[in-house]
Amino acid sequence: MQPALRLVRTGRDGNRPLLPGPAPRPAAVPAPGGSPHRDRAGRVLSVEGLSLAFGGTVAFAEIDLAVGAGEIHAVIGPNGAGKSSLINAITGLYAPQAGRVRIGAESFARVPAGRLAALGVARTFQNLALFTGLSVRDNVLAGLAAARRAGLGAQILGLPSARREARAHRDAAEAVIGRLGLGAVADRPAGSLPYGLQKRVELGRALVARPRLLLLDEPMAGMTATEKAEMTGFIRAARETSGAAIVLIEHDIGVVMRLSDRVTVLDHGRRIATGTPAEVQADPAVIAAYLGLADGDADGDAAADADTGAAAA
Ligand SMILES: Nc1ncnc2c1ncn2[C@@H]1O[C@H](COP(=O)(O)OP(=O)(O)OP(=O)(O)O)[C@@H](O)[C@H]1O
């Protein structure tokens, strides 16, 4: 007899229903043409056949992923599925053994981490990676360090070009600080802020360079429901104002379903589904992965439960 299917648990966030009903989402911002940050098909990011193993441990294998300008694309999957490793490979921290990563018009076997800013890529990390002793403002400004053109000599001498650049960077940082509602804490050390605000500062540091591709590794981990709702709004606003392509790793499936245009699901390092949130939540392989069943065990009952969004406790 088939076990009763219970669509609960999404990972480390506890007994949250896996498949909440779909919520209306704003349409993706259409891709303007002619930018060197997109390929001819309008994709900002293409991952083709990417594989990575650590010794005998497969982090992920033969992953394909394409993300267009203005698209929010969630990558989900149970713990250890390979999500963070994939982002780390896309940003050049890890060297994949096979496959290619195409960012805009350029294709790489290993993405040059030192060129990320020039490629229009910014990211946040699963664990906070702020300069805790520096102010919020200086942390956000740090997101522009790679964009600095004026040499050290020009900065020390206070040449006009260096002063102009410093002013432009300060203005950009202030604008982001304002948009993220961080004005009241801009002079405070980042490490003194509550966790949810620190995650917001990290988003600000990534946004200030106006990336074409933004990779967010669990931006809402450890947040309260209110903080998650605020962060959801900030991510959506970032997409709408910048048209950036956003790759989002998130364990809260409710957030994923509300925020994403498309979803890719990994399980044990393999891509088992890609589609709209509605398509993915009805996919028997996805349901089976979250239930810990083998693919072959997923039957019509699972699909039927997914269709109705049933979440039997
Ligand atoms: N630096 C590393 N050295 C060795 N193994 C690693 C390393 N990074 C990841 N792995 C392994 O690769 C696999 C995928 O891990 P990864 O952290 O990418 O999964 P994840 O889906 O992001 O998990 P989580 O949701 O728990 O963050 C796991 O088996 C993990 O132990």
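1. Let's start with one pair of residues in this predicted model. Serine 46 has arginine 102 in E4 as its bridge partner.

2. Two pairs are handy to find on screen. Leucine 45 stands opposite valine 67 in E2, and phenylalanine 54 has threonine 57 in E2 as its bridge partner. The hairpin of E1 and E2 has two residues between the strands, and glycine 55 there takes a positive phi near 60 degrees.

3. Now put these strands together. They belong to an open sheet of four strands, ordered E2-E1-E4-E5, with antiparallel pairing. Which strands stand at the edges? They are strand E2 (57–68) and strand E5 (106–108); each has a single partner strand, so one side of each is left without a neighbour in the sheet. On average, neighbouring strands here are turned by 20 degrees against each other, direction ignored. If pairing is new to you, remember that strands of a sheet pair through backbone hydrogen bonds, either parallel or antiparallel.

4. There is also an open sheet of six strands, and its pairing is mixed: follow the order E6-E7-E8-E3-E9-E10. Its edge strands, pairing on one side only, are strand E6 (121–124) and strand E10 (270–275). Neighbouring strands in this sheet are turned by 15 degrees against each other on average, direction ignored.

5. For a parallel example, look at strand E3 (residues 72–76) and strand E8 (residues 245–249), which pair over four bridges. Here valine 75 stands opposite isoleucine 249 in E8.

6. Helix H1 deserves a look from both sheets. H1 (residues 83–90) packs on the six-stranded sheet, touching E3, E6, strand E7 (213–217), E8 and strand E9 (262–267). Its direction makes about 150 degrees with that of E7. H1 also lies across E1, E2 and strand E4 (98–103), running at about 65 degrees to E2.

7. Finally, turn to helix H5 (residues 195–207). Its 13 residues reach 19 Å from the first C-alpha to the last, close to the 18 Å expected at 1.5 Å a residue. Is H5 largely enclosed or open? Twelve of its 13 residues are buried, so H5 is largely enclosed by the rest of the structure. The buried residues include Leu197, Val201 and Leu203, but also Lys199, Arg200, Glu202 and Arg205.

Definitions and conventions
Residues numbered from 1 in each chain as written. Predicted model: local features only at pLDDT ≥ 70, side-chain atom pairs only at ≥ 80, totals over all residues. Heavy atoms only, no water. Expected span 1.5 Å × (residues − 1). Buried < 20%, exposed > 50% of the residue type's maximum accessible area, 1.4 Å probe, protein only. Pairing = 2+ DSSP bridges. Axes fitted to C-alpha atoms, helices over the stretch in contact; angles between N-to-C directions. Contact = heavy atoms within 4.5 Å.
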